[in-house]
Amino acid sequence: MREGTRLDDLKANDPTQLSQAIIPTARFTLRPLRPSDAGMIAHYTADKRVAQGTRAIPHPLPHGASESFVARALAADRGEDVWAIDGSQNKLSELLGVVSLTRMEGDQSELGFWIGAGFWNTGFATEAVAALVAANPHGARTLFAEAFQDNAGSARVLTNCGFVYLGDAESWSVARDARVPTWTYLRKMA
């Protein structure tokens, strides 16, 4: 393991890291992003299939975009909490993908996620989303999520984690440079 990759290396005096929960699962840990994640984020999101599965990741990825993403995720005034899916404690990659929660008004949050293409169909996305839902670090009363209608795998992740179909919509995809039909999902929290 490289120096600085252990979960306990997170600086205890960094308020941006303390305000975001560390969430263990059976195969990995959800932890706050750190600057060293930028390289793997750039590597995974350079895959056109990963970028086209999201609203905001451009393709090709501009130089410095992953570093800017990590910097925004670590900013004290951020509106979105982003967790790395870190498998390093179980001899997996230090970064398998990311999962995020964006604060909305009225005790609601929007969930988002992507997984590196080499880890598709492993159950990692379902495990990460389920862990984040169970932890409910925003204390949300309602979670929302969406999946592009040509991405049935992401829709299955959401329904497997207790989200229910709410309706059809459209979202802009930067990588596709187009509006894409989506399925919108909702999860009421206890």
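Is D37 buried or exposed, and what is its relative accessible area? I looked it up before anything else. D37 is buried, with a relative accessible area of 1%. I note here that the model is a predicted one.

**Entry: overall form**

I read off 6 helices and 8 strands for the protein chain. Along the sequence they come in the pattern α-β-β-α-α-α-β-β-β-α-β-α-β-β. I then checked the radius of gyration. A compact globule of 190 residues would have a value near 16 Å, and the protein chain has 16 Å, so the two agree. The C-alpha trace spans about 45 × 40 × 30 Å along its principal axes.

I looked up burial for the chain as a whole: 46% of the 190 residues count as buried. The accessible surface comes to about 9,700 Å², and carbon and sulfur atoms account for 53% of that. For contacts between residues at least 6 apart in sequence, I found that 62% join residues at least 24 apart.

**Entry: salt bridges**

I found 12 salt bridges in the structure. I went back to D37 and looked for its partner. The side chains of D37 and R31 form a salt bridge, 2.8 Å from N to O. R31 is in strand β2. R31 is buried as well, at a relative accessible area of 0%. I also noted a polar contact of 2.6 Å between the side chains of R31 and D86.

The next pair I looked up was R34 and E94, whose side chains meet in a salt bridge of 3.0 Å, N to O. R34 sits in the loop between β2 (29–32) and α2 (38–45), and E94 in the loop between β3 (80–86) and β4 (97–104), so this pair ties together parts 60 residues apart in sequence. I checked burial for this pair too, and both R34 and E94 are buried.

What does R55 pair with? I found a salt bridge between R55 and E146, with the closest N and O atoms 3.0 Å apart. R55 lies in the loop between α3 (48–52) and α4 (65–74), while E146 belongs to strand β6 (residues 142–148), so the bridge ties together parts that are 91 residues apart in sequence. R55 is partly exposed, with a relative accessible area of 36%. E146 is also partly exposed, at 21%. I then looked for salt bridges that share partners, and these join R31, R34, D37, D86 and E94 into one network.

**Entry: nonpolar core**

Which residues have the most contacts inside the largest nonpolar core? I listed L30, L111, V129 and F163, in a core of 46 residues. Helix α5 (residues 124–135) gives the most to this core, with 7 residues. For background, I recall that nonpolar side chains in soluble globular proteins tend to be buried together.

I took F163 for a closer look. Setting aside neighbours within four places in sequence, I found F163 in contact with L111, V129, V133, L143, F144, A145, L158, Y185, L186 and R187.

**Entry: S100**

I located S100 in strand β4. S100 counts as buried, at 9% relative accessibility. Its side chain makes a polar contact of 3.1 Å with the side chain of E80. Beyond neighbours within four places in sequence, the contacts of S100 include D81, V82, W83, L111 and L132.

**Entry: backbone exceptions**

Where did I find a cis peptide bond? One joins H59 and P60, with omega about 0 degrees. P60 is placed in the loop between α3 and α4.

I noted a positive phi for K91, near 60 degrees, in a residue other than glycine. K91 lies in the loop between β3 and β4. K91 is exposed, with a relative accessible area of 82%.

I noted D177 as well, which is not a glycine but has a positive phi of about 55 degrees. D177 lies in the loop between β7 (164–173) and β8 (178–188). D177 is exposed, at a relative accessible area of 57%.

Technical notes
Residues numbered from 1 in each chain as written. Predicted model: local features only at pLDDT ≥ 70, side-chain atom pairs only at ≥ 80, totals over all residues. Heavy atoms only, no water. Salt bridge = Lys/Arg side-chain N within 4 Å of Asp/Glu carboxyl O. Buried < 20%, exposed > 50% of the residue type's maximum accessible area, 1.4 Å probe, protein only. Helix = DSSP H or I, 4+ residues; strand = E, 2+ residues; numbered from the N terminus. Core = buried A, V, L, I, M, F, W, Y, C linked by side-chain atoms within 4.5 Å. Contact = heavy atoms within 4.5 Å. Polar contact = N/O pair within 3.5 Å; in protein donor to acceptor, adjacent residues only side chain to side chain. Rg over C-alpha atoms; globule rule 2.2 N^0.38 Å. Areas by Shrake-Rupley, 256 points an atom, 1.4 Å probe, with all protein chains shown as cover.
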